[in-house]
Amino acid sequence: MMKKILFLVLFCATFLFAEDRLFLNILKNVSIINVQNSIDNAKTLQKDLNEENFTNFLKSWKKVEALYFAGDLDEDFLDTPRYIDVFNNLKEDLSSQMKRVIESNDEVKTALFKNSFKTINALEYVLFNDKEISKREKELSIAILDSIISHLEDINSVYKGYLEKPNKDEKFETALVINGLIASSYRLKEWRIGNASGNSAKFKNDAKNDRAEYFLSQNSFAAIEAIIEAHNEIVKKHKYYDFASYALDKGAAIELLVVIDKINEMQNELKTLPKDDFTKADKLFTLANELHNAYYVSLIQQLSITGKILDADGD
């Protein structure tokens, strides 16, 4: 009888430990779901290459990209996001190169010989460079999406594999989450809002909408909305042991509330702006900067985690 009681106690303790593992809960309840949604939306877009399906796929991908952990779990997948998306990480003129790809008589696989030609940025040009999608553009789009889906399936495999055999300590995992939020909020304010609105250090007082991430398809605000929602999925309260539970355990309730308030304010501000008009986005940038500071200055200090500093043009 005593053995049965002891076994039950140990079983419950193990179960509670697993349930209280913040990072594993995020992978299971957020990351894997977002990756699968992105795969499903990419396949839907392949079947029907229309604007709505592109937007749905883009938004689901932005959620995956915003909080990407696979490279830290398996270094073989460190560069995987750049095989899917090259925004702000490409020095060449992708549009002019994709124009040549479309006009080329080479077979599709031969024409798409560069990794950058098989990204969502290349796909946007193929689909939105003119009003009609030609037979050639359709073939290119399907091949680009095949490549993207393959990389997304790799990410899914890394996350699911880690759930089965976690091999990092909890402190490392928790640092991944908060540093992911910090890095994502930095890119959001500087790259995705500041560069187009003229608020970034790189383009101070020089607002130009054509610097926006998805200017051609007019999906830049949609991408920002998805990134903000990805943050919200992490920090809001859930039934499982989540980031909010962890922050409260660490006495960071006030700091967490500031983060949640800034996310809500950004979501509301986006709704007031003309579609993809970054000349009106000064307040949005200010809120994004405040969100970044809420993570990097306030919350990280209370959680006693070391933050990573990003340079202006890269990770």
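## Salt bridges and charged surface in a predicted model

The side chains of lysine 135 and glutamate 139 meet in a salt bridge, with N to O at 2.7 Å, in what is a predicted model. Both residues belong to helix H9 (residues 135-164), where they stand four residues apart, about one turn of the helix. Lysine 135 is exposed at 64% relative accessibility, whereas glutamate 139 is partly exposed at 34%.

A search of the whole structure finds 18 salt bridges, among them the pairs tabulated here.

| Pair | N to O distance |
|---|---|
| Lysine 135 and glutamate 139 | 2.7 Å |
| Lysine 99 and glutamate 103 | 2.7 Å |
| Lysine 283 and glutamate 269 | 3.8 Å |

Glutamate 103 and lysine 99 are four residues apart in helix H6, and so are separated by about one helical turn; glutamate 103 counts as exposed at 52% relative accessibility, and lysine 99 as partly exposed at 40%.

Lysine 283 forms its salt bridge with glutamate 269. Because lysine 283 lies in helix H14 (residues 282-303) and glutamate 269 in helix H13 (residues 253-272), this pair ties together parts that are 14 residues apart in sequence. Lysine 283 is partly exposed, with a relative accessible area of 49%, while glutamate 269 is buried, at 11%.

Conventions. Residues are numbered from 1 along each chain as its sequence is written. This is a predicted model: local features need pLDDT of at least 70, side-chain atom pairs count only at pLDDT 80 or more; totals for chains, interfaces and linings use all residues. Side-chain values use heavy atoms; hydrogens and water are left out. A salt bridge is a side-chain nitrogen of Lys or Arg within 4 Å of a carboxyl oxygen of Asp or Glu. Helices (H or I, at least four residues) and strands (E, at least two) are DSSP runs, numbered from the N terminus. Buried means under 20% relative accessible area, exposed over 50%, partly exposed in between (1.4 Å probe, protein chains only).
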